[in-house]
Each structure stands twice: as C-alpha cells, then as structure tokens.
Amino acid sequence: MRALVWEQNVTPKEVPVPPVPKNWVLGKVLYGMFGPIDRSIMLGLHPIEPNRVAGSLGVIRVIESGVEADNIRPGEVYAVIPYCRDGIVGIDYDGLLAEYAALPKECLVKVSKNDLRPELSLWIEFSFLDDVLQVARGKRTLVVGCGFSGYVTARYLKNECEVTVACIERALYDDIASLGVDVMMLDNVANKYDVVVVEPLSIYSTLQVLKVLNEDGVLVFPPTQPKVLLSYSGFPRNFHVVRPQLGNISVGKTALSEIPDKLRKNAYAILKHLDEIPVLVRYYGRIVYTMEKE
C-alpha cells in the first residue's frame, strides 16, 4: 500500500498492509491529516522511528476486527483519537497517512456517516474546546498564539469569558481583532490572567506564560501541544495545569462552523494524493488526505 513515512522528512513509500493485533482493528483510511502533532515531529520536538507512518488524526472505515476487539464491526466508521493507552498514533504507532491503518480499539470514537467530509479531521483536532470553556468561563483568559488555532479558540471562548490573545508573530492578528477581543504582541502583555491557554508549537511562549499567570491560575495545554517546555522562577507559587481531552467531536464541529472562507483556504489544504503532501507541508499548517471514491 502507499503511505507517507518519516525518513529525513515525510516521504511517499510502498509499505505492507499492517497486521491486526489483539484488541486492534484494521481500517480503510477515509481521511488522514498532517496536523500539529506531525508538525512537532518535523520541527524536531519528538523523536520518531524511521519509516513510521505519519498522520495522527483522521477517520477510518473498519475492514477487520482483531481478537477481542468487541463491539466493533466491519463497515462502521470511526474517528481516531491519537492518544491511546500505551502510545500516540503517528508517533508510537503508525498513523493515518496511508491507504490502510491498524489501530488500538480504545483510540476509536464512532461517528455518523452523515458527518463524513474532510473537515471531520479538523473537528477532531478542536474537539477539546469545551473542556477549555469549562475552565475559562467567567475568567480573565489569555490565549497565546495568533495562528488558526488561536483564532478558533478565541472565537469559541469570547462570549463566555474576557479573552485577550497574545501574538508571537502577527499572522492572523487583524482577523482575531475582528472578533471583538483584545489582541497584542506577547512582549507587550502587562496584565495577569486567571487562565492562560498555550496554543500548539508556541515554544517561545511556554517560556514566558507563567509571568502573566495569576496566583492559583490555570495553565491550559491543548492536547495537540505534544511537548511542553516551561521556565519556572517560582512565581506564581501555586498554579494548576490542565490538559483537556479530545473526543467531543460535536464541539469541534461547532468551533469550525462559519469560519470565513479566507481563513479556511489559508489554514488547510485537502488533497487526494499522498505524493503532494511533502511539498505542501511548507505552506499549510494542516493537510487533509482524502481517499478518492472507488
């Protein structure tokens, strides 16, 4: 089968169809996404075995259930949540940028066939946002990062709490400001906040955020932020770290609804050929691979 594997970079390659261990399933990949977790590998934040299949987020149609993969039947459609009991899909297990994927059953969330569209992969990525809302509601909240993730997060939270967005680069500065929230460069943040949400791959920001967190505040690392670096000087003396969970796909669907077409076109690409992905990862933060209809 054709797959996109990690060598020195992501490379299209012919690989065997994977076996199906106990408690795993084999699925036909309907959608696979090169997203934030894959980009962290590309940036050297995660070690990876050579020839590991890329793609941590996506959707499969089950072809075969392994021994003891109870209640999972061929033909059913599942979203793949990358964090499994013993590893991460696309890092410790082969991922979804391939024709077929074998996955532990506990990583699967059943989805309706009515929701089958390439954007479903992005709904999975942002399926943690209601957990963030529960922490941030009614509180002074700083979202760090002015990329697509920062825009979507600020938009989802803005009606329930006092949101400020801090930029490391200007990126979507003006688009975020159009939401009616305060926006500034991170170096200009002078106030302190009850909740700070650090968006994926904002490595510089993770060295700064504790300086603007209130005593007993909450530091939120989205699950698509796979590696965390903190510089801690002892202040605040007490704070809480929250890592919300992926899985509430209806939340991701709501968060991605009515996003302006201009932002969509710049945030992600949808492709039918794996061979195009290694070139386009230079230009898009997210690339969704969708199988052509047979």
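Two strands are said to pair if DSSP finds at least two bridges between them. Helices (H or I, at least four residues) and strands (E, at least two) are themselves DSSP runs, numbered from the N terminus.

## About this model

The structure is a predicted model, in which local features need pLDDT of at least 70 and side-chain atom pairs count only at pLDDT 80 or more, while totals for chains, interfaces and linings use all residues. Residues are numbered from 1 along each chain as its sequence is written, and side-chain values use heavy atoms, leaving out hydrogens and water.

## Strands that run in parallel

S8 and S11 pair in the parallel sense over four bridges, with Leu-142 having Val-196 of S11 as its bridge partner. Four bridges also join S11 to S12, and these two run parallel as well. Here Val-195 has Val-218 of S12 as its bridge partner.

How much of S11 is buried? Five of its six residues are, so the strand is largely enclosed by the rest of the structure. Buried here means under 20% relative accessible area, exposed means over 50%, and partly exposed lies in between (1.4 Å probe, protein chains only).

## A helix with a buried face

Helix H3 covers residues 129-136, and its buried residues are Leu-129, Val-132, Leu-133, Val-135 and Ala-136. Looking down the axis of H3, you would find these buried residues within an arc of 160 degrees, so they line one face of the helix. The arc is that of the directions from the helix axis to the C-beta atoms. As background, an α-helix has 3.6 residues a turn, so residues three or four places apart point the same way.

After H3 comes Gly-138, with a positive phi near 75 degrees.

Counting as a disulfide any pair of cysteine sulfur atoms within 2.5 Å, the model has two disulfides. In one of them, Cys-84 and Cys-107 have their sulfur atoms 1.6 Å apart. Cys-84 sits in the loop between strand S5 (77-80) and strand S6 (100-104), and Cys-107 in the loop between S6 and strand S7 (108-110), so the bond ties together parts that are 23 residues apart in sequence. Cys-84 is buried at 11% relative accessible area, and Cys-107 is buried at 1%.

Cys-146 and Cys-167 also form a disulfide, with sulfur atoms 1.7 Å apart. Cys-146 lies in the loop between strand S8 (140-144) and helix H4 (148-157) and Cys-167 in strand S9 (residues 162-167), so this pair links parts that are 21 residues apart in sequence. The torsion about their S-S bond is about -55 degrees, so the disulfide is left-handed. Along the chain, the bonded cysteines follow the pattern 1-2, 3-4. Cys-161 is in no disulfide, and the nearest cysteine sulfur, that of Cys-146, is 16 Å away.

## Two residues with positive phi

Most residues other than glycine have a negative phi. Asp-216, which is not a glycine, has a positive phi of about 70 degrees, and its place is in strand S12 (residues 213-220). Glu-258 has a positive phi too, near 60 degrees. Glu-258 is found in the loop between helix H7 (249-255) and helix H8 (261-267), where it is exposed, with a relative accessible area of 70%.
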